[in-house]
Amino acid sequence: MKAMKWVPDRVLIVFLLLLLSLYVTSSHQNTDQKTVSSEIHVTKRVQTNDHDAKVFYKHTWPRMKFGWKIMVGSIIGFLGSAFGTVGGVGGGGIFVPMLTLIVGFDAKSATAISKCMITGGAAATVFYNLKQRHPTLDMPVIDYDLALLFQPMLMLGISIGVAFNVIFPDWLVTALLIVVFIGLSVNAFLKGVQTWKKETILKKEARQNVRLIDTAGTSNADHPQTESHINTNQTRKKVSVIENVCWKELGILVSVWIFILALQIGKNYTRNCSALYWVLNLLQVPVTVGTSFYEAVLLQKGKRVIASMGEEQRRLHVWKLMVYCTCGLIAGIIGGLLGLGGGFILGPLFIGLGIPPQVSSATSTFAMTFSASMSVVEYYLLKRFPVPYALYFVAVATAAALVGQHLVRKVIAILGRTSLIIFILALTVFVSGISLGGVGIANLIKRIEKKENMGFGDLCSYRVRS
């Protein structure tokens with residue numbers, strides 16, 4: 001009953017914040033209209049065969065007026081955040097098409113606002129999971145050693161991905177998106193089917209054991225323990241948040257986040273491609289790579305273990321650790337490039353490593369909170385989104401994340417099937433791939449018809465006119 005009271009209270013607070021956001025944005029409506037009328041232009045120099053040409057990218061920021069567009073967008077955003085945070089993938093693949101096709105933002109502004117929504121939903125999910133325990137082991141549901149291995153590389157990838165967002169042409173982004181997302185969704189679905197079959201076998205064995213015990217006329221004292229194991233050990237003893245957090249690992253992650261954030265802020269006050277610009281960029285490498293390397297060495301020597309991977313993975317080989325770190329880097333690059341959470345890669349990857357779905361979702365969301373918030377800061381410094389709109393949709397995503405986590409855990413406790421999380425992950429990734437791919441193809445067709453330049457951009461000449 002405590003849990004039932006806890007979630008509605010938090011959701012009520014979130015909705016109050018949402019109403020406050022509406023009030024603030026409505027009070028600034030006149031100012032917003034003036035801002036829209038004098039729209040911001042982003043200048044990108046594009047190399048042509050004969051000479052340099054300036055291409056002006058116009059931001060499209062619709063007025064903050066509560067109507068059917070915002071209502072429909074809020075509903076889709078709510079569902080996207082609920083499913084995305086449960087699957088540990090954030091939901092950015094649903095947010096971006098919603099913001100462009102329904103609300104009316106341009107693609108790059110939608111990407112930035114989607115990062116804000118991912119950060120809000122991920123932060124709410126982490127807050128919810130701080131007191132949750134591992135489904136079968138005596139440890140937190142968030143695997144901090146796993147996060148310490150992946151998260152620094154994820155943040156390094158985010159910085160690279162944001163730069164690629166300026167450079168890469170839309171056609172290349174669309175092609176990469178479709179291929180990656182369809183592959184990930186198919187792989188996650190197959191893993192979900194495999195897990196579902198294993199759960200079915202365990203349930204049959206449990207029922208057979210119960211019948212044997214009843215036939216023999218013995219006591220049923222062991223029966224509740226068997227059922228509780230199948231139902232993800234929901235009745236295990238509760239611990240406080242202080243006891244359930246690995247403070248040393250969390251401190252290292254927060255320290256890395258602060259250092260990288262400081263570098264990003266400093267980089268914003270330098271000229272692109274200047275010596276100081278590259279120094280600040282390169283300083284990220286020893287910090288992020290060094291942190292992941294430190295954790296990898298401890299894992300390789302057996303001084304630390306990723307307990308969620310099972311007893312057979314007590315000591316990881318060097319080549320596996322290198323592959324894991326590389327996957328974290330790639331996940332960050334894709335997240336920064338497409339405006340999606342790194343969970344779209346980390347979630348399926350963790351599932352493939354044999355980590356329980358609850359732990360996979362919680363840990364990928366935990367790592368994604370750091371990386372997504374980093375992108376929000378970078379996009380804010382680049383003036384890529386209107387703050388009132390971002391605050392409103394963050395409130396929607398936060399409320400959805402809390403509701404989604406609570407409801408799915410209740411369903412899993414009743415049905416005893418954690419594979420539901422994997423199916424939600426696969427569905428979210430697939431829908432995201434189709435929607436983003438469709439929007440990307442439609443935009444490419446329009447640009448081809450208008451004979452617009454579709455080449456690479458120039459990072460060194462990128463600037464924002466305010």
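**Close-up views of helix packing and a buried glutamate**

**Figure 1. Packing of helices H16 and H17.** Helix H16 (residues 387–415) packs against helix H17 (residues 419–449) at an angle of about 135 degrees, the two axes lying 9 Å apart. Angles over 145 degrees count as roughly antiparallel; H16 and H17 are therefore oblique to each other. On the H16 side, the contact is made by Val 408, Val 411, Ile 412 and Leu 415. Leu 420, Ile 421 and Ile 424 contribute from H17. By class, the contact of H16 with H17 comprises seven nonpolar residues, with no polar and no charged residues. The model shown here and in the following figures is predicted.

**Figure 2. Packing of helices H6 and H14.** Helix H6 spans residues 144–167 and helix H14 spans residues 343–352; they pack at an angle of about 150 degrees, with their axes 12 Å apart. This angle makes H6 roughly antiparallel to H14, because angles over 145 degrees fall in that class. The crossing of the two helices, H6 and H14, is right-handed. Leu 146, Phe 150 and Leu 154 are the residues of H6 that meet H14, where their counterparts are Leu 346, Leu 349 and Phe 350. Six nonpolar residues form the contact of H6 with H14, and no polar or charged residues take part.

Figure 3. Glu 249 lies in helix H10, which covers residues 247–268. Its relative accessibility is 12%, and residues under 20% count as buried, so Glu 249 is assigned to the buried class. Apart from neighbours within four places in sequence, Glu 249 is in contact with Tyr 144, Asp 145, Leu 148 and Arg 304. Of these partners, Tyr 144, Asp 145 and Leu 148 fall within the residue range of helix H6, 144–167.

**Figure 4. The whole protein, as context for the close-up views.** The predicted model contains 17 helices and three strands. Of its 466 residues, 52% are buried. Among contacts between residues at least 6 apart in sequence, 79% join residues at least 24 apart. The accessible surface of the protein comes to about 21800 Å², and carbon and sulfur atoms account for 67% of this area.

Definitions and conventions:
Residues numbered from 1 in each chain as written. Predicted model: local features only at pLDDT ≥ 70, side-chain atom pairs only at ≥ 80, totals over all residues. Heavy atoms only, no water. Axes fitted to C-alpha atoms, helices over the stretch in contact; angles between N-to-C directions. Helix = DSSP H or I, 4+ residues; strand = E, 2+ residues; numbered from the N terminus. Parallel < 35°, antiparallel > 145°, perpendicular 65-115°, else oblique. Left-handed = near helix turned anticlockwise from the far one by under 90°. Contact = heavy atoms within 4.5 Å. Nonpolar A, V, L, I, M, F, W, Y, C, P; charged D, E, K, R; others polar. Buried < 20%, exposed > 50% of the residue type's maximum accessible area, 1.4 Å probe, protein only. Areas by Shrake-Rupley, 256 points an atom, 1.4 Å probe, with all protein chains shown as cover.
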